[in-house]
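Please keep the sequence and the model in view while reading the points below.

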Amino acid sequence: MMASPSTYRLSCSILGHEQDVRGLAASFFPTGAFVSVSRDRTAKLWVPNSSDRGFTEMHCMNGHSNFVSCVCIIPPSDAYPRGLIATGGNDHNICIFSLDNPAPLYVLKGHKNTVCNLSAGKFGTLLSGSWDTTAKVWLNDKCMMTLKGHTAAVWAVKILPEQGLMLTGSADKTIKLWKAGKSEKTFTGHEDCVRGLAILNEVEFLSCSNDASIRRWQVTGECLQVYHGHTNYIYSIAAFSNCHDFITSGEDRSIRVWKRGECTQTIRLPTQSVWCCCVLENGDIVVGASDGIIRVFTESSERVASAEELQAFEDELSKATIDPKTGDLGDININELPDKNHLNEPGTREGQTRLIKEGNRVEAYQWSISEDRWMKIGDVVGSSGATQQTSGRVLYEGKEYDYVFSIDVNEGGPSFKLPYNASEDPWLTAHNFLQKNDLNPMFLDQVANFIIENTKGQTLGQMNTGYSDPLTG
């Protein structure tokens, strides 16, 4: 059975980054272009090919000394008729690029920790959110005001269409509405970090969270609807131009398409963390993930990938390994699972998953309504064997780290959490850790050597020095 025209299918895969793709934004210029940013410290502008449905890298931008975590497009102005590109990074800086120079026009400094989200408004205003618990409002190269009020990392920011209104979402589980720099309203309801925001119109917006839910709000404060479908953290949300439908991506290896208030399609990827998504002018979806690949999905039969490419993508997906510890598939008891005959029964809803016992293996299948069949989405394994080296997915106090160790300093005493990023100096981290926890400086060598020993080659060995399994975040 052919896929229905309203189903998103793979259009192309773009291999342009060496590490996780952490941010995406549709560009004003050229038509149909978009910008991606990565943990490989670069930002890239991709332009649609005239000859086929692929994209070509038109512009590579470098300016950050650490991971680039977010991007937004500053609309065209008289001074810059093609608009500007703003990127935020783990080096605490925001770089502003034009389309004709790989180096930044200027760098905005002021945040004291990772800049994790950006939003542009009219007249050149830029709003930034940071792990330093603040948001900042910038005009050109100057910081106009700092929005203080959250008690944890500000993961999401958006400038509303009505002048002077701004939204911030935080690891403190709240969303705040700001007017002229003052907090006017606090939205509560999410049970974990608020990770993303999307504007529907002047009076409504969406939020997504690590609690695996999406909420639709009125700016007056009322929560109009809660959407469930994801089985793990939701990292990113983007609205379609009709100001009603939207897409989300998250830690459950999926992008989900939401239309008329329901999840109408679940697209699985052969990689764990689907960090970011955006919608292009033509309605195509762009997705960035922890395998460093950008994938474009389309409803258009003219832009869909060839049958060979679609089959290759499905084959890659079927070979993926799914770690049951992520909780994406619920509790698994291999002895109680049915065999492949169970797949003769059709599914009841789009994206429904079914686990099948095949000898000593457990295989995961997902129901596709448009194709009227069960598609294999991977093998369930005892452990994915994954390391933290690419994704930095450990959350501690609302921030992301490559590692979070538990350090036992005194026998029988309390253990202390030590967050660490591979790019940091182990001695400085050890010094700050001892100072923060009021511990004896004589432990400096011991703690620094522990960090070095446990991050060799960026893989984690089970050590008896108190390393505890981190929560993915």
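Arg-41 lies in the loop that links β3 to β4 (42-48). The model is a predicted one, and in it the phi angle of Arg-41 is near 80°, a positive value in a residue other than glycine. Most residues other than glycine have a negative phi, and most peptide bonds are trans.

**Backbone features in loops**
- Arg-41 has a relative accessibility of 37% and therefore counts as partly exposed.
- Arg-253 also has a positive phi, near 65°, and is not a glycine.
- The loop between β23 (246-250) and β24 (254-259) holds Arg-253.
- With a relative accessible area of 2%, Arg-253 is buried.
- Phe-29 and Pro-30 are joined by a cis peptide bond, with omega at about -15°.
- Pro-30 is placed in the loop between β2 (21-26) and β3 (34-38).

**The chain as a whole**
- The secondary structure of the chain consists of three helices and 36 strands.
- The chain has 473 residues, of which 55% count as buried.
- Of the contacts between residues at least 6 apart in sequence, 45% join residues at least 24 apart.

**Helices α2 and α3**
- Helix α2 spans residues 426-436 and helix α3 spans residues 444-454; their axes come within 8 Å and cross at roughly 130°.
- The two helices, α2 and α3, are therefore oblique to each other, and their crossing is right-handed.
- Residues of α2 in this contact include Trp-427, His-431 and Phe-433, while those of α3 include Leu-444, Asp-445 and Ile-451.
- The residues of the contact between α2 and α3 comprise 10 nonpolar, three polar and one charged.

**Ala-156 and its surroundings**
- Ala-156 is part of strand β14 (residues 154-159).
- The relative accessible area of Ala-156 is 0%, so this residue is buried.
- Leu-118 is 38 residues from Ala-156 along the chain, and the C-alpha atoms of the two are separated by 7.7 Å.
- Leaving aside residues up to four places away in sequence, Ala-156 touches Asn-117, Leu-167, Thr-168, Gly-169, Arg-195, Gly-196 and Leu-197.

**Cysteines**
- Zero disulfides are found in a search of the whole structure.
- Cys-12 counts as buried, at 6% relative accessibility.
- Cys-143 has a relative accessible area of 35% and is partly exposed.

Note on methods:
Residues are numbered from 1 along each chain as its sequence is written. This is a predicted model: local features need pLDDT of at least 70, side-chain atom pairs count only at pLDDT 80 or more; totals for chains, interfaces and linings use all residues. Side-chain values use heavy atoms; hydrogens and water are left out. Axes are lines fitted to C-alpha atoms, for helices over the stretch in contact, and angles run from 0 to 180 degrees between N-to-C directions. Helices (H or I, at least four residues) and strands (E, at least two) are DSSP runs, numbered from the N terminus. Angles under 35 degrees count as roughly parallel, over 145 as roughly antiparallel, 65 to 115 as roughly perpendicular and the rest as oblique. A crossing is left-handed if the near helix is turned anticlockwise from the far one by less than a right angle, and right-handed if clockwise. Contact means heavy atoms within 4.5 Å. Ala, Val, Leu, Ile, Met, Phe, Trp, Tyr, Cys and Pro count as nonpolar, Asp, Glu, Lys and Arg as charged, and the others, Gly among them, as polar. A disulfide is a pair of cysteine sulfur atoms within 2.5 Å. Buried means under 20% relative accessible area, exposed over 50%, partly exposed in between (1.4 Å probe, protein chains only).
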